[in-house]
Amino acid sequence: MVIREAREIDMGAIAKLCQNSLMSIYEGLMEPGKSMPWTEGDDVEKYIRGNWPSMRVAWAEDQLVGLIAINRNHIDILWVSEQARQKGIGLKLLDDAEQSLASRYAEMTAECLNEASVTFFQKRGYDIQRQFTDGMSGVEKVVMNKVLEASDRE
């Protein structure tokens with residue numbers, strides 16, 4: 001497996017992973033049909049066009065198996081394809097992001113949508129900061145943060 005910065009050529013594979021992840025995660029949390037703008041429209045492609053330079057991707061055997069998108073010190077997306085889960089890919093993407101950002105930021109934050117993601121981040125040293133209902137989707141979200149090691153900070 002290779003983890004690297006996303007490239008423009010990755011956009012199609014990123015869009016597919018995002019749409020599949022959105023469908024599997026949000027469909028169970030939202031009213032039927034409410035996720036359609038993100039899963040069936042071009043909102044995902046617009047998001048990717050604006051954010052792919054901040055993404056890191058994990059490729060294995062010519063398939064995109066995971067991605068992480070970071071806005072400053074906030075994890076916007078951390079998704080692993082369903083067939084590649086439970087293989088440590090999410091952990092490797094998170095470790096890679098934390099290491100690359102520790103020199104610039106004192107902490108990282110992430111928003112979680114379900115108990116599995118809360119548990120994932122808690123096992124990696126993240127603490128729950130607050131909970132809120134997203135106004136656009138109506139989904140309950142949990143904001144978590146972690147203090148990064150200061151040894152590499154400038």
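Biologist: Which residue in strand 7 stands opposite threonine 133?

Modeller: Threonine 133 has glutamate 140 opposite it in strand 7. This is a predicted model, in which local features need pLDDT of at least 70 and side-chain atom pairs count only at pLDDT 80 or more, whereas totals for chains, interfaces and linings use all residues. Residues are numbered from 1 along each chain as its sequence is written, and side-chain values use heavy atoms, leaving out hydrogens and water.

Biologist: How many strands form the open sheet, and in what order?

Modeller: The sheet has 7 strands in the order 1-2-3-4-5-7-6, with mixed pairing. Strand 1 (2–5) and strand 6 (127–133) are called edge strands, as each pairs on one side only. Neighbouring strands are turned by 25° against each other on average, direction ignored, where the axes are lines fitted to C-alpha atoms (for helices over the stretch in contact) and angles run from 0 to 180 degrees between N-to-C directions.

Biologist: How many helices and strands are there in the protein chain?

Modeller: The chain has 5 helices and 7 strands, all of them DSSP runs numbered from the N terminus (helices are H or I with at least four residues, strands are E with at least two). Along the sequence they follow the pattern β-α-α-α-β-β-β-α-β-α-β-β. Helix 4 (residues 89–101) lies across several strands, among them strand 4 (74–80) and strand 5 (107–112), and runs at about 35° to strand 3.

Biologist: Why is the link between arginine 4 and aspartate 10 called a salt bridge?

Modeller: A salt bridge needs a side-chain nitrogen of Lys or Arg within 4 Å of a carboxyl oxygen of Asp or Glu. The closest N and O atoms of arginine 4 and aspartate 10 are 2.8 Å apart, so the pair meets the definition. Arginine 4 is found in strand 1, while aspartate 10 sits in the loop between strand 1 and helix 1 (11–26). Contact means heavy atoms within 4.5 Å, and aspartate 10 touches Arg4, Glu5, Val57 and Trp59, not counting residues up to four places away in sequence.

Biologist: How do you know whether aspartate 10 counts as buried or exposed?

Modeller: Buried means under 20% relative accessible area, exposed over 50%, and partly exposed in between (1.4 Å probe, protein chains only). Aspartate 10 is at 3%, and therefore counts as buried; arginine 4, at 17%, is buried by this rule too. Glycine 12, which lies in helix 1, stands at 55% and so counts as exposed. Of the 154 residues of the chain, 42% count as buried.

Biologist: Which parts does the pair of lysine 146 and glutamate 98 tie together?

Modeller: The side chains of lysine 146 and glutamate 98 meet in a salt bridge at 3.1 Å, N to O. Lysine 146 lies in strand 7 and glutamate 98 in helix 4, so the pair ties together parts that are 48 residues apart in sequence. Both lysine 146 and glutamate 98 are buried.

Biologist: What is the accessibility class of glutamate 111?

Modeller: Glutamate 111 has a relative accessible area of 33%, which is why it is called partly exposed. It forms a salt bridge with lysine 141, the closest N and O atoms being 3.6 Å apart. Lysine 141, at 10% relative accessibility, counts as buried. Glutamate 111 belongs to strand 5 and lysine 141 to strand 7, so this pair links parts that are 30 residues apart in sequence.

Note on methods. Pairing = 2+ DSSP bridges.
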